[in-house]
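Dear colleague,

Please find the structure below, handed over for your records. The findings follow directly after it.

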Amino acid sequence: FRAAGYDTFFTGKWHNDLPALLRSFEHGRNIFHGGMCDHTRVPVRDLEEIRRGAPTRVAEGFSTEIFCASAEAFIRTRAPGRPFFVCIALTSPHDPRTPPAGFRARYEAQKLPLPPNFRPAHAFDNGELDIRDESLAPRPLAPGVVREHLADYYGMISHHDAWIGRVLDVLRDTGQESNTLVVYVSDHGLALGSHGLLGKQNLYEHSVRVPLILAGPGVPAAKRHDGLAYAFDLYATLCELAGVA
């Protein structure tokens, strides 16, 4: 897209090599280079700071707010006349599951239903039972503890949703909603009690079936596809929808 003349912008988590980031994007604000961090103490650099090798700084605010606000500012202030490609890579709702208090208060943990396939322990050793994700709660899993994890997770997702809504509002406010393709995709799901597991390191449906939503020009409204897909397939699809070779 950059080679095709798009104004390219990145914010959020970059978990690949930095030369690839610098090749792909002209602009970038508040970029976290790494795997995971405290959502309220995110070490970041702008793209220009990465280019000159400047040290990281801790951004003020919650990760989702930092990254979405950076995208909002770019969309509002960028120079007109070129199409744009914005990538927002959110670290939420990944753990540590620490939603802002107002969003956590929406969910009363002990009233939440457990997954229908909840069990205290996995039925067999799948080779991934001692990794970090599976150590986030005592074993065997207690229903009350899993409900607390679910409440935290749902609070994170609600906060995440509210700030994505703000980015979509900016597209509407700037008159760009009708000619912008919006893609929402995640890299994995979580067990959170299903099958006696907590994390992602398994091939159950809750881990491999991820959200994938497209909306905008060239995308049929309210249409659902049940075929198997892989996130890497999006590359060719987006090029086709945008008319990029």
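Cys87 is partly exposed, its relative accessible area being 27%; buried means under 20% relative accessible area, exposed over 50%, and partly exposed in between, with a 1.4 Å probe and protein chains only. This is a predicted model, in which local features need pLDDT of at least 70 and side-chain atom pairs count only at pLDDT 80 or more, while totals for chains, interfaces and linings use all residues. Residues are numbered from 1 along each chain as its sequence is written, and side-chain values use heavy atoms, with hydrogens and water left out.

The closest cysteine sulfur to that of Cys87 belongs to Cys68, and at 12 Å it is too far for a bond. Cys239 is likewise in no disulfide, as the nearest cysteine sulfur, that of Cys87, lies 14 Å away. Cys239 is buried, at 8% relative accessible area. Over the whole structure, the search finds zero disulfides (pairs of cysteine sulfur atoms within 2.5 Å).

Lys111 lies in the loop between helix H4 (101–104) and helix H5 (143–173); helices are DSSP runs of H or I with at least four residues, numbered from the N terminus. Lys111 counts as exposed, with 63% relative accessibility.

Yours sincerely

Definitions and conventions: Helices (H or I, at least four residues) and strands (E, at least two) are DSSP runs, numbered from the N terminus.
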